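Have the sequence and the 3D view open as you read.

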Amino acid sequence: MFIQVIQGTVIDRDEVKDAMDRWVRDLAPGSIGWLGSTSGVTEDGTFVTLARFESPEAARSNSHRQEQEQWWTELSKLFTGEVVFHDCAQSGTWMAGGSDDAGFVQIMHSRVRDLEGLRAWMDRADLDALRRFRPDILGGLWAAHGDGGFTEAVYFTSEAEARRGEAQPPPPEMQAEMEEMRRFYEGDFTYLDLKDPWLASR
């Protein structure tokens, strides 16, 4: 799976939502290798989307379609300032992955000092324990930018349940696992809360 992360500040949330709905309705049926997308606008006007494709080649082919270029030309007018793109050839999922049933999605940007170590930790992590402790978490996906940058999306049943869940102290064994995981990262996390996520899959 290949993931393209796109982020920027937008002028009008509703116009962006209409554009994304139009893409799913009119362009998705003829898209090349598109698997799905997670998008939304935060309360401060930050738009972010994680578009999932079968491969980098499929994503490139899709971006060169005439109707795709026309659509992006119109959407780009709704941004104020720079739009940031990250093409992520290394990506993965955990639990249910990017779930379209989510009522709340939290996007996290960070930097990773040891990607292979983090992937190995994810493979051996006790997800059954996480499901029992945090039934509000449906799953997640991650995308490595290739330069140490890292984007993750966590999918929750609802924001209210997510806030209740994060307020609970984890059991000691889970706390120890979280501390082990943290050593693979460097620096702080940036959080983007999508309280009204726009979710679509092929």
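## Starting at Pro-56

Pro-56 is partly exposed, since its relative accessible area is 25%. A heads-up before going further: this is a predicted model. Pro-56 sits in helix H2, which covers residues 56–63. If you look for Gly-33, you'll find it 23 residues away from Pro-56 in sequence, with the two C-alpha atoms 9.2 Å apart in space.

## The buried side of H2

Which residues of H2 are buried? They are Ala-58, Ala-59 and Asn-62. These three cover an arc of only 100° around the axis, so they end up on the same side of H2. As for what covers the buried residues of H2, the list includes E1, H1, E3 and H3.

## H1 against H3

Next up is a pair of helices. The axes of H1 (residues 13–27) and H3 (residues 66–76) come within 11 Å and cross at roughly 170°. Because of that angle, H1 is roughly antiparallel to H3. On the H1 side, the residues that meet H3 are Val-16, Ala-19, Met-20, Arg-22, Trp-23 and Leu-27, and their partners in H3 are Glu-67, Gln-68, Trp-71 and Leu-75. Sorted by class, this contact has 7 nonpolar, 1 polar and 2 charged residues.

Setting aside neighbours within four places in sequence, Gln-68 is in contact with Trp-23, Leu-27, Asn-62 and Ser-63. Among these, Asn-62 is one of the buried residues of H2, while Trp-23 and Leu-27 belong to H1.

The largest nonpolar core has 22 residues, and Val-16, Phe-47, Trp-71 and Leu-75 are the ones with the most contacts inside it. At least two residues of this core come from each of strand E1 (2–9), H1, strand E2 (34–41), strand E3 (46–53), H3 and strand E10 (198–201). H1 gives the largest share, 5 residues.

Leaving out residues up to four places away in sequence, Phe-47 touches Ile-6, Gln-7, Gly-8, Val-10, Val-16, Met-20, Ser-39, Gly-40, Val-41, Phe-79 and Trp-198. There is also a second, separate core of 14 residues, which includes Val-5, Leu-50, Ala-143 and Ala-153.

Now move along to helix H4 (residues 115–124). Its buried residues are Leu-115, Gly-117, Leu-118, Trp-121 and Met-122. They cover an arc of only 160° around the axis, and therefore lie on the same side of H4. What covers them includes strands E5 (90–95), E6 (104–112), E7 (137–144), E8 (149–156) and E9 (185–194), along with helix H7 (172–182).

How do H4 and H7 pack, in terms of angle and axis distance? The angle is about 160° and the axes are 10 Å apart, so H4 is roughly antiparallel to H7. In this contact, Leu-118, Trp-121 and Arg-124 of H4 meet Glu-177, Glu-180 and Met-181 of H7. By class, the residues split into 3 nonpolar, no polar and 3 charged.

Methods. Residues are numbered from 1 along each chain as its sequence is written. This is a predicted model: local features need pLDDT of at least 70, side-chain atom pairs count only at pLDDT 80 or more; totals for chains, interfaces and linings use all residues. Side-chain values use heavy atoms; hydrogens and water are left out. Helices (H or I, at least four residues) and strands (E, at least two) are DSSP runs, numbered from the N terminus. Buried means under 20% relative accessible area, exposed over 50%, partly exposed in between (1.4 Å probe, protein chains only). Axes are lines fitted to C-alpha atoms, for helices over the stretch in contact, and angles run from 0 to 180 degrees between N-to-C directions. Angles under 35 degrees count as roughly parallel, over 145 as roughly antiparallel, 65 to 115 as roughly perpendicular and the rest as oblique. Contact means heavy atoms within 4.5 Å. Ala, Val, Leu, Ile, Met, Phe, Trp, Tyr, Cys and Pro count as nonpolar, Asp, Glu, Lys and Arg as charged, and the others, Gly among them, as polar. A nonpolar core is a set of buried Ala, Val, Leu, Ile, Met, Phe, Trp, Tyr and Cys residues joined through side-chain atoms within 4.5 Å. The arc is that of the directions from the helix axis to the C-beta atoms.
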